[in-house]
Each structure stands twice: as C-alpha cells, then as structure tokens.
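Visitor: I'm new to this one. Could you walk me through how to read it?

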Amino acid sequence: MIRDKIDKILDSLPEEELKKVYWSISSIQEEYLFNKNLQEKGVTVTTLVEEAEEIIDLWDRTFAKDISEEVKKEIYYDQFKWHIFSYEKKDCLKDDDARKAFDALPKEKVYVMYQGLPLIYLYTNANKVEAKDFDSQQDIYIFDTNFTWTYVRTHELMCGPYFYKVNEVS
C-alpha cells in the first residue's frame with residue numbers, strides 16, 4: 001500500500017527532482033543496512049545523552065591530552081578531532097593496519113561517537129563488529145569503555161581509517 005503511494009508521488013515528479021529523491025532514499029537505505037547489520041550481529045545499541053559531554057571530554061583528555069591548544073587551533077581540531085592523526089600529531093596505525101588492529105580487539109562494550117553530534121552510543125555484545133561494518137559511516141570514533149584505544153573513520157577517502165592505542169603507539 002505504501003509502495004503504491006510512493007510510486008504515485010514519484011510518477012508526478014520531473015527527472016531533476018527524482019535525483020533528489022534517489023539520494024534521500026539511498027541515505028535511508030544505507031542507515032537501515034548499517035543498523036540491520038549491527039542487529040544481526042547481536043549488538044545492542046544504547047543512546048547516551050546525559051553522559052555524552054563527559055565521555056566526549058574524556059576522549060579529548062585521553063587521546064589528545066598532549067596536544068597543545070595552539071596546535072589544536074592550527075590543525076582545526078574543533079572541526080575534526082581526527083586531525084590529530086591526519087596532521088600526524090599522534091603516531092598511529094593507518095589504513096589496512098588500522099583495520100586489522102581494530103578487528104583483532106575484543107569489543108564486548110564500546111562507545112561510538114560522531115563528530116559534532118552531542119550524544120554517544122554504547123554498543124554492547126559488540127565482539128563480532130569489524131572495521132568493514134563502519135565503511136558507510138563518516139567521522140565516527142569507536143573506542144573502548146576504558147579509553148585505551150580508538151578507531152576512527154573519516155569522511156575523507158585519503159584520510160584514515162586510524163587506530164591509536166594508548167601507551168603502545170605514541
């Protein structure tokens with residue numbers, strides 16, 4: 001029934017408007033497939049709102065603690081935290097090495113944050129999650145609840161992904 005209504009709307013639109021519809025539907029489908037994949041892996045996703053600011057601050061204090069405010073300003077850290085890796089202010093694993101390091105970790109519970117979004121997701125039962133599961137995501141930071149490592153996927157094809165582990169790569 002809903003498909004008939006959608007088809008009727010689509011039939012009434014000119015070609016240039018259909019392009020907009022295509023990109024909207026494509027985005028919805030991508031998000032659906034991302035969430036479906038997590039669900040099929042048994043991952044439970046909890047949205048954390050009240051704790052988000054504190055967790056984001058702790059990410060900053062853990063992974064960018066030795067980056068001065070001056071350097072943060074120079075690399076536009078406030079726009080993209082992952083610039084600490086792309087501007088090589090932190091020695092980290094990149095590309096396939098980053099993906100392999102992430103995949104090898106136990107991930108019972110991880111935090112997930114998106115650049116600029118004022119909330120955090122807590123993924124539990126996430127051991128089956130792999131780097132490829134996040135290939136459709138942009139400016140996403142995945143890190144363990146003890147803040148010992150972080151995996152970052154950017155919106156830039158030539159930047160990342162990045163993997164950084166505290167006290168192992170510095």
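Visitor: Which residue does Lys94 stand opposite in strand 7?

Guide: Tyr162 is the residue opposite Lys94. Before we go on, this is a predicted model, where local features need pLDDT of at least 70, side-chain atom pairs count only at pLDDT 80 or more, and totals for chains, interfaces and linings use all residues. Residues are numbered from 1 along each chain as its sequence is written, and side-chain values use heavy atoms, with hydrogens and water left out.

Visitor: How do I read strand pairing?

Guide: Strands of a sheet pair through backbone hydrogen bonds, either parallel or antiparallel. Here strands (E, at least two residues) and helices (H or I, at least four) are DSSP runs, numbered from the N terminus, and two strands pair if DSSP finds at least two bridges between them. Strand 2 (residues 93–94) and strand 7 (residues 162–165) run antiparallel, joined by two bridges. Strand 7 also pairs with strand 6 (residues 149–153), antiparallel again, over four bridges. There, Val152 has Tyr162 as its bridge partner.

Visitor: What is the order of the strands in the open sheet?

Guide: The seven strands go 1-4-3-5-6-7-2, with antiparallel pairing. At the edges sit strand 1 (44–48) and strand 2, each pairing on one side only.

Visitor: Which strands does helix 3 touch?

Guide: Helix 3 packs on the sheet and touches strand 1, strand 3 (109–114), strand 4, strand 5 (140–144), strand 6 and strand 7. Contact means heavy atoms within 4.5 Å. The direction of helix 3 makes about 80° with that of strand 5; axes are lines fitted to C-alpha atoms, for helices over the stretch in contact, and angles run from 0 to 180 degrees between N-to-C directions.

Visitor: How do I check a helix's length?

Guide: Take 1.5 Å times one less than its number of residues: that's the expected span. For the 12 residues of helix 3 (residues 52–63) this gives 16 Å, and the end C-alpha atoms are 16 Å apart, which agrees. Helix 2 (residues 15–40) has 26 residues and should span 38 Å; its ends are 36 Å apart, which agrees too. After helix 2 comes Gly42, with a positive phi near 85°.

Visitor: Which residues of helix 3 are buried?

Guide: Buried means under 20% relative accessible area, exposed over 50%, partly exposed in between (1.4 Å probe, protein chains only). In helix 3, the buried ones are Ala52, Ile55, Ile56, Trp59, Asp60, Thr62 and Phe63. Thr62 counts as buried because its relative accessible area is 17%. Leaving out residues up to four places away in sequence, Thr62 touches Phe147 and Val166.

Visitor: Which residues touch the most other members of the largest nonpolar core?

Guide: A nonpolar core is a set of buried Ala, Val, Leu, Ile, Met, Phe, Trp, Tyr and Cys residues joined through side-chain atoms within 4.5 Å. The largest has 25 residues, and Trp59, Ile84, Phe85, Tyr111, Ile120 and Phe143 touch the most other members. Helix 3 gives the most to this core, with five residues. Apart from it lies another core, of 20 residues, including Phe102 and Tyr123.

Visitor: How many disulfides does a search of the whole structure find?

Guide: A disulfide is a pair of cysteine sulfur atoms within 2.5 Å, and the search finds zero.
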